[in-house]
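Below are some notes on the nonpolar and aromatic side chains of this entry. Please read them with the model open.

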Amino acid sequence: MLKNFIFVGLGGAVGSMLRYAVTLLATAMQISTNWATVAVNVVGSFLIGLFLSMCGTGSWMLLLTVGLCGGFTTFSTFSSQSLTLLQNGQYGAGLAYVFGTLVLCLLFIWCGMALGARISE
């Protein structure tokens with residue numbers, strides 16, 4: 001049991017650092033951090049789909065899905081940014097951000113699972 005906690009913690013630390021790196025990269029490239037959040041959530045959705053279809057259960061699944069993807073994806077940031085857009089009266093942008101992110105993440109989870117199933121064959 002302790003081993004699983006350590007795996008989740010290590011994966012979460014790496015995922016969080018990767019998320020921060022994407023935000024720094026977006027800032028350096030003068031791209032809105034909202035786009036960085038969308039990118040992180042879409043890539044994270046793909047990866048969690050891929051890992052779920054390839055890892056089965058156990059420590060590696062916990063490291064990669066709960067830890068890495070959980071630390072990497074940014075639902076709380078996404079929620080905060082969505083609310084800020086809506087509170088600032090940017091209703092079109094806010095709704096596009098919410099629904100666009102949702103659709104892309106669902107699509108990329110499916111893509112990751114499909115790829116993982118093919119690789120595992």
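1. At 57% relative accessibility, Trp60 counts as exposed, because the cut-off for that class is over 50%. Note that this is a predicted model.

2. Trp60 pairs with Phe7 in an edge-to-face arrangement, with 5.8 Å from centre to centre and 75 degrees between the planes. Phe7 belongs to helix α1 and Trp60 to helix α3 (residues 59-72), so the pair ties together parts that are 53 residues apart in sequence. Phe7 is partly exposed, at a relative accessible area of 21%. The structure holds four aromatic pairs.

3. Phe78 and Tyr97 form a tilted pair, since their ring centres are 5.4 Å apart and their planes stand at 45 degrees. Phe78 sits in helix α4 and Tyr97 in helix α5, 19 residues apart. Phe78 counts as buried at 8% relative accessibility, and Tyr97 counts as buried at 9%. Together with Phe75, these two residues form one aromatic cluster.

4. Where does the largest nonpolar core lie? Its six residues are Val38, Val42, Phe78, Leu85, Tyr97 and Cys105. Helices α2 (33-55), α4 (75-87) and α5 (91-120) each give two or more residues to this core. Another core, of five residues, lies apart from it and includes Phe51, Leu64, Leu68 and Cys69.

5. Leaving out residues up to four places away in sequence, Phe78 touches Thr37, Asn41, Tyr97, Val98 and Thr101.

6. Ile6 is placed in helix α1 (residues 2-28) and is partly exposed, with a relative accessible area of 44%.

Technical notes: Residues are numbered from 1 along each chain as its sequence is written. This is a predicted model: local features need pLDDT of at least 70, side-chain atom pairs count only at pLDDT 80 or more; totals for chains, interfaces and linings use all residues. Side-chain values use heavy atoms; hydrogens and water are left out. A nonpolar core is a set of buried Ala, Val, Leu, Ile, Met, Phe, Trp, Tyr and Cys residues joined through side-chain atoms within 4.5 Å. Buried means under 20% relative accessible area, exposed over 50%, partly exposed in between (1.4 Å probe, protein chains only). Helices (H or I, at least four residues) and strands (E, at least two) are DSSP runs, numbered from the N terminus. Contact means heavy atoms within 4.5 Å. Rings of Phe, Tyr and Trp (its six-membered ring) pair if their centres lie within 6.5 Å; planes under 30 degrees apart count as stacked, over 60 as edge-to-face and the rest as tilted.
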